Amino acid sequence: MSFFIPKGYRFSGIHCEVKPNTEKKDLALVVSDFPATVAGVYTQNLVCGAPVQLDRKRTPGEDFRLIITNSGVANACTGELGLQNAEKMVALTARELGFPEEKGLVMSTGVIGIQLPMDRIEKGIKMAVDALAPTLEGFCDAAHAMMTTDTVSKTACRTIVLSNGKTITIAGMCKGAAMIGPNMATLLTSLLTDAKLCPEDAQRLLKSAVDVSYNCISVEGHTSTSDTVLLMANGAADDVPLSGSDLEKFGEALKEICIDLAKMIPNDGEGITHLITIDVFGCKTESDAKIIAKTIANDALVKTAICGADPNWGRITSAAGRTGVLFDPMKVSLKVNGYLLYKDGTPVDFDKPAVSKDIRDHKDTHFELFLSEGEAKTRFWTSDLTMEYVRLNSDYTT
């Protein structure tokens, strides 16, 4: 499948020893050759990183030119010096490129409570500027430089033919593998398009896309300090702001990309063996459905059952029952990987070894929970909980 990058952008990803004792890339730069509209959605954690605080003040807005991102150090819980360093990262990059200092954004991910090695980052910024290229290779380098415990880089794209015959492109890169919970998590995303958007539309469409994607994933339910999703629109393919059906098509494509990227995160969860898709049907409201799905997704007993290929319907249905959402438990049914395990409040006879084998033999696991309270539904993604996850996270800072 061909991968397309939007017009009017340059990219780079380099190693500057933010991650010491390794050759892994750790500084990513995205530059727009045209003044761009930006929008942002951020972590809901009150303990948030300095880059989140800076970007939140600046978005939505217009005439932006760059996003500078480092991995390895999150620049969170770093006090006033951390805020100064976030501003300095943007200012140094903008100066190197000849742009106004306030027209850049910054993202950081990694270990919290550590100050950024600004001497290395300053040298790295010069290297990143020198390496900029309007190529897929540059885009991929930037995507790799965002990674921390990710095992693979995560990218997605879409093209749209507008009503005037012009073609626009949206491309996204993200990182995230753990400390993942709804209302965003340890994830960073840059979404780039060569369409033109006004700030209000950009912010509205981005929030709508995040609600059905990043806010519908979990690895262990921990909302981190650094979550950031940025959208940059520079109008290089069409300099007339999108409206009407074109704007609607753009919004749907943006949702598709965000869902693609969001699913890659629990699918790359630390130590996981299963990606679990949870569909909840028949709720009074979408909020009720999401509360139930989120609770099931974050339940340690549910997650460990799937790790062990145990079709334990009781853990799933009881997780739904402890949410505080009111429903008739005698009208609840459950399927796992298409097998009916529970119907109208009662377990049914099923071939337990066959279902267990089906779970064990496939990385993708599917829960379908049916209630009878209304027409609202939701879809949510999570991962199982393994010994490897515990190992990786038990010594993360030591």
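The buried residues of helix H1 are covered by elements that include strand E2 (27–42), helix H2 (79–97), strand E4 (104–111) and strand E8 (228–233). Contact here means heavy atoms within 4.5 Å, and helices (H or I, at least four residues) and strands (E, at least two) are DSSP runs numbered from the N terminus. This is a predicted model, in which local features need pLDDT of at least 70, side-chain atom pairs count only at pLDDT 80 or more, and totals for chains, interfaces and linings use all residues. Residues are numbered from 1 along each chain as its sequence is written, and side-chain values use heavy atoms, with hydrogens and water left out.

- Helix H1 spans residues 50–58, and its buried residues are Ala 50, Pro 51, Val 52, Leu 54 and Asp 55.
- For reference, buried means under 20% relative accessible area, exposed over 50%, and partly exposed in between (1.4 Å probe, protein chains only).
- Thr 59 and Pro 60 are joined by a cis peptide bond, with omega at about -5°.
- Pro 60 belongs to the loop between H1 and strand E3 (61–73).

**Helices H2 and H3**

- Two packed helices are described by the angle between their axes and the distance between the axes.
- The axes of H2 and helix H3 (residues 118–130) come within 10 Å and cross at roughly 30°; axes are lines fitted to C-alpha atoms, for helices over the stretch in contact, and angles run from 0 to 180 degrees between N-to-C directions.
- H2 is therefore roughly parallel to H3, on a scale where angles under 35 degrees count as roughly parallel, over 145 as roughly antiparallel, 65 to 115 as roughly perpendicular and the rest as oblique.
- On the H2 side, the contact is made by Asn 85, Lys 88, Met 89, Leu 92, Thr 93, Glu 96 and Leu 97, and on the H3 side by Met 118, Ile 121, Glu 122, Ile 125, Lys 126 and Val 129.
- Seven of the residues in this contact of H2 with H3 are nonpolar, two polar and four charged; Ala, Val, Leu, Ile, Met, Phe, Trp, Tyr, Cys and Pro count as nonpolar, Asp, Glu, Lys and Arg as charged, and the others, Gly among them, as polar.

- Six of the six residues of strand E7 (residues 188–193) are buried, so E7 is largely enclosed by the rest of the structure.
- In a regular strand the side chains alternate between the two faces of the sheet.
- Both faces of E7 are covered, with Leu 188, Ser 190 and Leu 192 buried on one side and Thr 189, Leu 191 and Thr 193 buried on the other.
- Strand E6 (residues 167–175) runs antiparallel to E7 and is joined to E7 by six bridges; two strands pair if DSSP finds at least two bridges between them.
- Gly 172 sits opposite Leu 191 in E7.
- With E8, E7 pairs in the parallel sense over six bridges, and Ser 190 has Leu 230 in E8 as its bridge partner.

**The six-stranded sheet**

- Six strands make up an open sheet with mixed pairing, in the order E12-E11-E10-E13-E9-E14.
- Strand E12 (346–347) and strand E14 (376–383) are the edge strands, each pairing on one side only.
- Strand E9 (residues 275–283) runs antiparallel to E14, and seven bridges join the two.
- E9 and E13 pair in the parallel sense, also over seven bridges.
- Eight of the nine residues of E9 are buried, leaving the strand mostly covered.
- Ile 276 has Thr 365 as its bridge partner in E13 and stands opposite Thr 382 in E14.
- The bridge partner of Ile 278 in E14 is Phe 380.
- Helix H8 (residues 300–307) lies across E9, strand E13 (364–370) and E14, at about 135° to E13.
- Helix H10 (residues 352–361) lies across strand E10 (333–336), strand E11 (339–343) and E13, at about 120° to E11.

**Loop residues to look at**

- Asn 75, in the loop between E3 and H2, has phi near 50°, a positive value in a residue other than glycine.
- Asn 75 is buried, with a relative accessible area of 0%.
- Asn 337, in the loop between E10 and E11, also has a positive phi, near 50°.
- Ile 112, in the loop between E4 and H3, counts as partly exposed at 43% relative accessibility.
- Ile 112 and Ala 76 are 36 residues apart in sequence and 5.1 Å apart in space, C-alpha to C-alpha.
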